[in-house]
Amino acid sequence: VGSEMCIRDSCNKVFSCLISRRVQSPVKESWISLLLAHRRVAQHFREQDTAEYVIELAHISQHARVVFRHHFRDGDEIIVDRIAREAFNDYFGHYHADPRLERAKSDDAYASWAVRACLSREVAEDVFIADVNGEVAGFFAVHMLSPQDGTGIISGVSMQHRGLGIYRSFMINAMKWVNQKGGQRMVVSTQINNIPVQKVWARLGFTMSKSHYTLHKWFDNETR
């Protein structure tokens, strides 16, 4: 209660304030429980999505078909920005699920994240760029969460190059990258209703580890 009062006091100094919080759900909940989780969310908070985390322990023997350029070239961030806007247009993440946030600005948030992954090693340690016939077809940013765990930060494939197995190839290369870094696990996450991505993970041997609820809380200045 005390923490919420402090938040309210701070937010009352501006017109409105959004607090986003991710909390862990019970381990290995059923899919039905996850999809109906919003009914159990605390009052006054709005659940925007349920993210699923999965862990890969080994299983890196597959061979990727797509050729990648590691350490993107200067200027690739311009194409990455365009691909990210394509990939996350009308996405169903927690930003897009919030009716108070403009969808265009939600698109911008993901594009900005992708560009920052290219330009800052604090955001991502490496970015894979997929080339198809000399044309940039997608990107995949990777990062080590700890000496044991690596993850995919953000990725996208251009509309015209989908269906070629590029994302699967990205995942295989990411697992190999983590292994080369001395990591033991690959950890990835997405919204519970992002079925195509989860199918790729399942086929590569990933298993569900834990899930989280992402909550949004808006504080409005009553004197506005």
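Of the 224 residues of the protein, 44% count as buried, where buried means under 20% relative accessible area, exposed over 50% and partly exposed in between, with a 1.4 Å probe and protein chains only. The model is predicted, so local features need pLDDT of at least 70 and side-chain atom pairs count only at pLDDT 80 or more, while totals for chains, interfaces and linings use all residues. Residues are numbered from 1 along each chain as its sequence is written, and side-chain values use heavy atoms, with hydrogens and water left out.

The protein has seven helices and eight strands; helices (H or I, at least four residues) and strands (E, at least two) are DSSP runs, numbered from the N terminus. Among contacts with a separation of 6 or more, 75% join residues 24 or more positions apart, contact meaning heavy atoms within 4.5 Å.

**Helix packing**

Two helix pairs are tabulated here. Axes are lines fitted to C-alpha atoms, for helices over the stretch in contact, and angles run from 0 to 180 degrees between N-to-C directions.

| Helix pair | Angle | Axis distance |
|---|---|---|
| H3 (residues 76–87) and H5 (residues 103–119) | about 150° | 8 Å |
| H6 and H7 (residues 195–203) | roughly 50° | within 10 Å |

H3 and H5 pack at an angle of about 150°, which makes H3 roughly antiparallel to H5. Angles under 35 degrees count as roughly parallel, over 145 as roughly antiparallel, 65 to 115 as roughly perpendicular and the rest as oblique. The crossing of H3 past H5 is right-handed; a crossing is right-handed if the near helix is turned clockwise from the far one by less than a right angle, and left-handed if anticlockwise. On the H3 side, the contact is made by Glu77, Val80, Asp81, Ala84 and Arg85, and on the H5 side by Asp108, Ala111, Ala114, Val115, Cys118 and Leu119. Sorted by class, this contact of H3 with H5 has seven nonpolar, no polar and four charged residues. Ala, Val, Leu, Ile, Met, Phe, Trp, Tyr, Cys and Pro count as nonpolar, Asp, Glu, Lys and Arg as charged, and the others, Gly among them, as polar.

The axes of H6 and H7 cross at roughly 50°, and the two helices are therefore oblique to each other. Their crossing is right-handed. H6 contributes Tyr167, Arg168 and Met171 to the contact, and H7 contributes Val197, Val200 and Trp201. The contact of H6 with H7 has five nonpolar, no polar and one charged residues.

The whole structure holds eight aromatic pairs. Rings of Phe, Tyr and Trp (its six-membered ring) pair if their centres lie within 6.5 Å; planes under 30 degrees apart count as stacked, over 60 as edge-to-face and the rest as tilted.

Phe88 and Tyr110 are stacked, because their ring centres are 4.6 Å apart and their planes at 5°. Phe88 sits in the loop between H3 and helix H4 (94–97) and Tyr110 in helix H5, 22 residues apart. Phe88 and Tyr110 are buried. Together with Tyr91 and Trp113, Phe88 and Tyr110 form one aromatic cluster.

Phe140 and Tyr167 make a tilted pair, 6.2 Å centre to centre with 45° between the planes. Phe140 belongs to strand S5 (residues 135–144) and Tyr167 to helix H6 (residues 166–180), so this pair ties together parts 27 residues apart in sequence. Phe140 and Tyr167 are both buried.

Ser155 lies in strand S6 (residues 149–157) and is buried, with a relative accessible area of 18%. Leaving aside neighbours within four places in sequence, Ser155 is in contact with Phe88, Phe139, Phe140 and Tyr167.
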